[in-house]
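Hi,

Here is the model I promised to pass on. Have a look at it first, and my notes follow below.

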Amino acid sequence: MEADQAVFLSAVGNHFLVGISRAMILFVVSAGLSFILGVLRVPNVAHGSLYMIGAFFAHSVTTVFGGNPLGFWLALLLAPLMVAAVSLVAERALFCHLYEREHLMLLLFTFALMLILGDLVKLVWGADYRSVTAPKILQGSLTLFSSPIPKYNLFLLAVGPVIAVALYLFSNKTRIGKIARAAALDREMVSAIGINVSWVFSFAFVLGCFLAGLGGALVAPTVSVTLGMDHDIIIEAFLIVTIGGLGNMWGAMAGSLIFGITQSFGVLILPQFAIVFPYLAVVIVLLLKPKGLLKSVW
Amino acid sequence: MKVNKSGFWGIAVLGICAVAAVSTVLMPPAAQARNIKVGIIDCYSGPPAVYGKDALNGFKLALESINKEGILGGKIEFTTRDTKFKVDIALNMAKELVLRENVDVLVGTINSAASLAVSKTIAKEQKVPFIVWIAKDEKITGAQGHRYVFSTSENTAMAGKAGGVGLAKKPYRKYWIAGDDYAYGHAIADAAWRNLKALKPEVEKIGESWWKVGEPDLVPYFTSIMGAKPDAVIFCTGGASMTNALKALKATGMAGKIPSWIHTAIDHAVLKPLGAEGPEGVMGTIQYLFYYPETPENNAFVERFQKAYGNPPGFPAFNAYLTAQFIADGFRKAGAIDREKFIDALEGLKVKSPVGGTAEMRACDHQAVYPMYFGVTKKVPQYDFVIATDILTLTGNEVLPTCDEIQKARGQ
């Protein structure tokens, strides 16, 4: 009996860690989406496409380095920067003319952009499956709570909080971060005191997309880098942002943790119906807190 | 009325022209040599595009030699439509190809649900032959089969039987079943378990887990399975999910601890991107391997394909190549571009397989018959990715349901 209890408790501990590590990827992507939603009020459906492009860029960078571990570490930096460059072009050429439009119009526009980016990925990289290999140090697994946990998941567990703290410091301790937060709350007032709101918006958009690209680069070693990987993540990211509170960075963290942990525990408790658990959690949160867990900036 | 000489000749020429024009208009179209029109509906966007593209390349390669020779005085021409892996789009595209483009044969698709829908509502109702070339649902030529639908793809019954036969030879007793939560995943699971249980009644299923198609994070599923300590796992996944599953097998260390069987796990389309990091010891089944059997025909096929498209052919290319052969030889045997005569000609028709030998279109269910291979992944010095080794060849008749079973499934 005690042995069974110990096995169950170790499984709980294992699934808890695995769930949090998945939540870290979700957090990075949904934090970017939340930032754009908060500051620009743009429901960017193409955010998932930028995540996918980040994964493809990561593949290209690692391929250039031919399996050298340096390629992976550089990919984590370069892939999001490349996505940021793509998004800067998109923002200056297209988005900056549309901020005053209605949400429905913006939704349709970003949906069209998602389709265009999907086709561009097919043109540039083709339809074949691609894979990114993590460096040797992150391959294989460690035994924690008597069960194996991939080293890469532990790496994600370490990276997630670092990114969260960096985002917190950026938005609370830097001038541009504070302006972006102010613009999220009252864009007219920010404009009235002489700040060039257009460039604040541009910066916020690029930063949000950088996070999407970083999410894509981080997830690349664990999945097949392929067309269509944008679809699932964008649905999950929107759900997370909604339950966390629109535009609230910490809300994105809370939503990601709920999503990742309920998914992981769903597998442990009822593996045949594990798919349902995170969505059930979303429904429960929205029933109890229709505006999200934390304060929405909308 | 008097007609002069030049007037007479003028009237004569006009008369001849009029007769020629009328006879051209009234001449029955069958009397004219024309091209055979094939309409292809398949997925060319999203993760399944890799298979749609491979099939299209196999089809084009086969047409190169077929069209050099010609068929009934004409050639085979084709037009493609992207279904985007959606049933409604597949139906609209198939309808458009039949009603507007007037295609003689419909071909496609990778999506089982779309194939079943097109088979039922377009092929059967419009009486157009429809050859399924990648979708694997056994209902296509089984329970829901009919006169107008054919398949050159292996189906879940064949894959399940091949897996069952291969696994029955292994010493495992306690199994866990896991896979993509959609029609294909469950169909493979049912077929594999049914056949394994029939061949080895003492096997026991200790649990199941199902994830959404393309699930990026399979680690919690795998750690949970490892905790249950089964002797072996039957994974029912495919496409992009397959790569995710193979990566998770390696990352969690499960590949070296618990044996697993996954249909098409030995497909190079999923193993090649993983390179040397692909997991070893994974059992898989498939109907085509570019490196096995090493026949002159297969080597020539691979060389031509590689030269034309830069990659070795996968199983969709093999299926599509066979499809083109069946279309060409079927119309040759029929002697006319006539859908009903073509169907009669296809039943029992044998064509040359690109790996050597022949493949037959079984008359009782319109299912192509060819061998299947059961192998285990392993690193070998010849390739920079893992390939199938210890290959066991199962003949087509060993893995196919019998004609009696098909009739029973159709309630006849």
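**What I found**

In chain B, 15 residues of domain 1 are in contact with 17 residues of domain 2, where contact means that the C-beta atoms of two residues, placed from the backbone, lie within 7 Å. Before I go on, the housekeeping: this is a predicted model, where local features need pLDDT of at least 70, side-chain atom pairs count only at pLDDT 80 or more, and totals for chains, interfaces and linings use all residues. Residues are numbered from 1 along each chain as its sequence is written, while chains are lettered from A and ligands numbered from 1 in the order in which they are written.

Back to chain B. Its domain 1 covers 36-154 + 294-370 and its domain 2 covers 157-286 + 372-399; these bounds come from an automatic or database domain assignment. The C-alpha centres of the two domains of chain B are 27 Å apart. On the domain 1 side of that contact in chain B there are eight nonpolar, three polar and four charged residues. For the classes, Ala, Val, Leu, Ile, Met, Phe, Trp, Tyr, Cys and Pro are nonpolar, Asp, Glu, Lys and Arg are charged, and the others, Gly among them, are polar.

Chain B also has an open sheet of seven strands with mixed pairing, in the order E7-E6-E8-E9-E10-E14-E15. Strands (E, at least two residues) and helices (H or I, at least four) are DSSP runs numbered from the N terminus, and two strands pair if DSSP finds at least two bridges between them. At the edges of the sheet sit E7 (204-211) and E15 (387-394) of chain B, each pairing on one side only. On average, neighbouring strands of the sheet are turned by 20 degrees against each other, direction ignored. E9 (260-263) and E10 (283-286) of chain B run parallel and are joined by three bridges; Trp261(B) has Met283(B) in E10(B) as its bridge partner. Helix H7 (219-228) of chain B packs on this sheet and touches E6 (174-180), E7 and E8 (232-236) of chain B, with its direction at about 170 degrees to that of E7(B).

Now chain A, which is assigned domain 1 (32-227) and domain 2 (228-298). Their C-alpha centres lie 19 Å apart, and the contact takes 22 residues from domain 1 of chain A and 17 from domain 2 of chain A. H2(A) gives the largest share of the domain 1 side, six residues. That side of domain 1 of chain A has 14 nonpolar, eight polar and no charged residues.

How do H2(A) and H4(A) cross, and at roughly what angle? Their axes come within 9 Å and cross at roughly 15 degrees (axes are lines fitted to C-alpha atoms, for helices over the stretch in contact, and angles run from 0 to 180 degrees between N-to-C directions). That makes H2(A) roughly parallel to H4(A), as angles under 35 degrees count as roughly parallel. Among the residues making this contact are Met52(A) and Phe56(A) of H2(A) and Leu117(A) and Trp125(A) of H4(A). By class, the contact of H2(A) with H4(A) has seven nonpolar, three polar and no charged residues.

Finally, the two chains touch each other through 36 residues from chain A and 36 residues from chain B. H1(A) brings the largest share of the chain A side, six residues. That side of chain A comprises 15 nonpolar, 16 polar and five charged residues.

Cheers

Note on methods:
Angles under 35 degrees count as roughly parallel, over 145 as roughly antiparallel, 65 to 115 as roughly perpendicular and the rest as oblique.
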